[in-house]
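Dear colleague,

Please find the structure below for your study. My notes on it follow directly after.

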Amino acid sequence: MTDWLIPLLCGLGAGILSAWGVGGGTLLLLVMTLVLDVDQRTAQGINLLFFLPTAASALWCHARNGCLDKPVLRHTIPPALAAALLGAWLSGAVDPGELRRPFGVYLLFSAAMLLYPKKNKK
C-alpha cells in the first residue's frame, strides 16, 4: 500500500503548494530525488508533465479574461519551443549525474534571490 501512497501524497502536496504559488514543482523534484530515490532526469520529466495541466488551465483563464498579449505571444512562442526542444535534446545527451550540480546551483541561486530580493528604485 505504501508503494503508491507516499508518491500520491507527495504529488498532492506539491499540487496544493503549486496552486498557492509556493513552488510545488521544485519541492516535488526534491522529494522525488532525495526521498523517493527517482533518477533526476526522470524526476525532471515527471515535473514537466506535472506542470502541463497547471499551465494549460492558467492559459485558459488568462485568455478568457482577456489578459493575453497576442502580439507578444506570436514573437515569443517559436523561440521558446525551439529552446525547449534544444534543452530536451541536450538533457538526453548529458549524463544525469552531470545535471545534479547545475540544478543544485540553480536552486541555491533561487533561494538567495528569495532571501535577498532586489530593491525597486523609485
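Helix α3 has a kink of about 25 degrees at leucine 52, shortly before proline 53. The bend at a residue is the angle between axes fitted to the seven residues ending there and the seven starting there. Helices are DSSP runs (H or I, at least four residues), numbered from the N terminus.

Please note that this is a predicted model, in which local features need pLDDT of at least 70 and side-chain atom pairs count only at pLDDT 80 or more, while totals for chains, interfaces and linings use all residues. Residues are numbered from 1 along each chain as its sequence is written, and side-chain values use heavy atoms, with hydrogens and water left out.

Helix α3 (residues 40-64) packs against helix α5 (residues 96-115) at an angle of about 65 degrees, and their axes are 9 Å apart. Here axes are lines fitted to C-alpha atoms over the stretch in contact, and angles run from 0 to 180 degrees between N-to-C directions. Gln40, Arg41 and Gln44 of α3 meet Pro96, Leu99, Arg100 and Phe103 of α5, where contact means heavy atoms within 4.5 Å.

Within α3, Gln40, Ala43 and Asn47 are buried, that is, under 20% relative accessible area with a 1.4 Å probe, protein chains only. The buried residues of α3 pack against α2 (24-35) and α5. After α3 comes glycine 66, whose phi is positive, near 70 degrees.

Finally, alanine 14 touches Gly24, Leu28 and Phe50, leaving aside residues up to four places away in sequence.

Yours sincerely

Conventions. Helices (H or I, at least four residues) and strands (E, at least two) are DSSP runs, numbered from the N terminus. Buried means under 20% relative accessible area, exposed over 50%, partly exposed in between (1.4 Å probe, protein chains only).
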